[in-house]
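Biologist: Could we go through this model together? I'd like to begin with the record and then turn to the side chains.

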Amino acid sequence: MTAIGAQVQQLLAHRRPQRSFFETLIRSLIILCVAIAVVLSSISICDGRWLFARGQLFGLWHFCTVGNDSVLKCGTDLSLAQVEGLSVGVIPIRSMVSFAVVVAIFGLELLMVSQVCDDANARRKWAMGSVLILISFLLSATGVLSFSILVKDHLTFTGFTLTYWCEFIAAFLFFLNGISGLHINSLTHFRNGVGKI
């Protein structure tokens with residue numbers, strides 16, 4: 001056997017086992033759902049108008065009132081809403097939900113890199129990406145819950161705007177895909193350690 005042949009044999013021996021179609025499909029769906037959650041959360045934060053109640057529109061960045069001529073009059077001074085703690089309380093909420101998107105983007109990047117670069121650290125990258133997605137869930141869910149507590153006196157189920165529901169669904173998708181990512185990683189690690197079932 002030549003030296004090149006021996007090197008090829010050595011490389012083939014250390015190669016990771018081939019993934020099944022089902023595993024690749026699930027991992028691809030997790031990446032797709034995380035990307036959708038990042039887009040939904042980004043739209044929700046950029047618009048920021050989360051609650052409409054009694055002719056008033058409460059948001060992360062603006063407070064709006066509807067005038068007699070049905071025209072929205074918006075301003076960035078949230079103290080005009082006359083809701084105790086709103087102008088100060090939205091500052092950490094903005095930070096949490098914005099940071100959740102940043103962390104989710106890094107997590108998504110790690111998930112994609114682990115699929116593209118099939119090296120010895122791919123499993124670790126996938127696990128770290130899944131953990132970052134779960135951290136995004138915690139930040140996003142805390143922001144959504146905190147906002148709801150701040151405006152609790154104005155809450156109605158039908159008062160939540162579409163952008164609020166975008167953030168709510170994004171938080172749910174972060175949780176679902178973070179847990180699923182960790183679970184499939186542990187299942188495939190077990191399978192690769194014992195041998196294909």
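Biologist: Which residues does UniProt list for "transmembrane region"?

Modeller: Keeping in mind that this is a predicted model, the unreviewed UniProt entry lists residues 25-45, 96-114, 126-150 and 162-182 under that name.

Biologist: What is the chain like over residues 96-114 and 126-150?

Modeller: Residues 96-114 are 100% helix and 0% strand, with 27 Å between the end C-alpha atoms. Residues 126-150 are also 100% helix and 0% strand, and there the end C-alpha atoms lie 36 Å apart.

Biologist: Switching to serine 44, where does it lie, and is it buried or exposed?

Modeller: Serine 44 lies in helix H2, which covers residues 21-47, and it counts as buried because its relative accessibility is 0%, where buried means under 20%.

Biologist: Which side chain does serine 44 join in a polar contact?

Modeller: That of tryptophan 50, through a polar contact of 3.1 Å between the two side chains. Leaving aside neighbours within four places in sequence, serine 44 is in contact with Trp50, and also with Thr163, Tyr164, Cys166 and Glu167.

Biologist: And the largest nonpolar core, how many residues has it?

Modeller: It has 33 residues, and Trp50 is among those with the most contacts inside it, as are Val34, Phe58, Leu86, Leu111, Phe147 and Phe174. The elements giving two or more residues to this core are H2, strand E1 (49-53) and helices H3 (86-116), H4 (122-150) and H5 (162-194), with H3 giving the most, eight residues.

Biologist: What is valine 34 in contact with, beyond its sequence neighbours?

Modeller: Once neighbours within four places in sequence are left aside, valine 34 is in contact with Leu108, Leu111, Ile133, Phe174 and Asn177.

Methods. Residues are numbered from 1 along each chain as its sequence is written. This is a predicted model: local features need pLDDT of at least 70, side-chain atom pairs count only at pLDDT 80 or more; totals for chains, interfaces and linings use all residues. Side-chain values use heavy atoms; hydrogens and water are left out. Helices (H or I, at least four residues) and strands (E, at least two) are DSSP runs, numbered from the N terminus. Buried means under 20% relative accessible area, exposed over 50%, partly exposed in between (1.4 Å probe, protein chains only). A polar contact is a pair of N or O atoms within 3.5 Å; within protein, one must be able to donate a hydrogen and the other to accept it, and residues adjacent in sequence count only if both atoms are side-chain atoms. Contact means heavy atoms within 4.5 Å. A nonpolar core is a set of buried Ala, Val, Leu, Ile, Met, Phe, Trp, Tyr and Cys residues joined through side-chain atoms within 4.5 Å. UniProt positions are given in the numbering used here, feature names are shortened, and annotations may be inferred rather than shown by experiment.
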